[in-house]
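These are my notebook entries on one structure. I record below what I looked up and what I found.

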Amino acid sequence: MFQIKILAKESFNFTFGPDPVSTFVTAFYDAVLLYAYALNETLANGYNGSIGEEITRRMWNRTIQGITGPVTIDANGDRVTDYSLLDMDPETGTFKVISK
């Protein structure tokens with residue numbers, strides 16, 4: 001998520017500040033990136049950009065390198081992702097991964 005702070009600063013002169021970047025921001029960035037790849041491929045193959053089914057088809061069964069890491073979409077159009085179980089340390093107030 002640090003990567004998005006660098007990209008925002010270099011490309012748009014925007015600074016997030018000391019707070020962590022929301023996972024919603026990074027997920028949205030990756031979703032737009034996936035759509036852009038699929039749209040560019042659709043247009044490069046001679047399709048009209050308004051053909052949503054073709055764009056969607058090109059989003060499925062693929063992996064792209066997103067800002068959060070690899071983004072994999074399966075044959076059903078679902079994102080395949082890893083999850084971690086976190087536990088808060090009551091003394092420090094920080095979360096630690098306890099299971100992946």
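**Entry 1: a network of salt bridges**

Which residues are linked in a network of salt bridges? I looked this up in the model, which is a predicted one. I found that E54, R57 and R58 are linked in such a network.

I then took the pairs one by one. R57 forms a salt bridge with E54, and their closest N and O atoms are 2.6 Å apart. Because R57 and E54 stand three residues apart in helix α3, about one helical turn separates them. The side chain of R58 also meets that of E54 in a salt bridge, at 3.0 Å from N to O. R58 and E54 are both in helix α3 and lie four residues apart, about one turn of the helix.

E54 counts as buried, with a relative accessibility of 10%. R58 is buried too, with a relative accessible area of 15%. R57 counts as partly exposed, at 48%; I noted that the cut-off for exposed is over 50%.

I also recorded a general point: side chains of opposite charge can pair when their charged atoms come close.

**Entry 2: a salt bridge between a strand and a helix**

How many salt bridges does a search of the whole structure find? The search finds five.

I compared the two partners with the cut-off for buried, which is under 20% relative accessible area. R62 is buried, as its relative accessible area is 18%. E41 is partly exposed, with a relative accessible area of 29%.

**Entry 3: positive phi angles**

I turned to the backbone. Most residues other than glycine have a negative phi. Which phi value does N13 have? I read a positive value, near 55 degrees, in this residue other than glycine. N13 is placed in the loop between α1 (2-12) and α2 (23-44).

I made a further note on N61, which is not a glycine and yet has a positive phi of about 60 degrees. N61 lies in the loop between α3 (52-59) and β1 (62-66).

Are these residues buried or exposed? N13 counts as exposed because its relative accessibility is 59%. N61 counts as exposed at a relative accessibility of 59%.

Key:
Residues are numbered from 1 along each chain as its sequence is written. This is a predicted model: local features need pLDDT of at least 70, side-chain atom pairs count only at pLDDT 80 or more; totals for chains, interfaces and linings use all residues. Side-chain values use heavy atoms; hydrogens and water are left out. Helices (H or I, at least four residues) and strands (E, at least two) are DSSP runs, numbered from the N terminus. Buried means under 20% relative accessible area, exposed over 50%, partly exposed in between (1.4 Å probe, protein chains only). A salt bridge is a side-chain nitrogen of Lys or Arg within 4 Å of a carboxyl oxygen of Asp or Glu.
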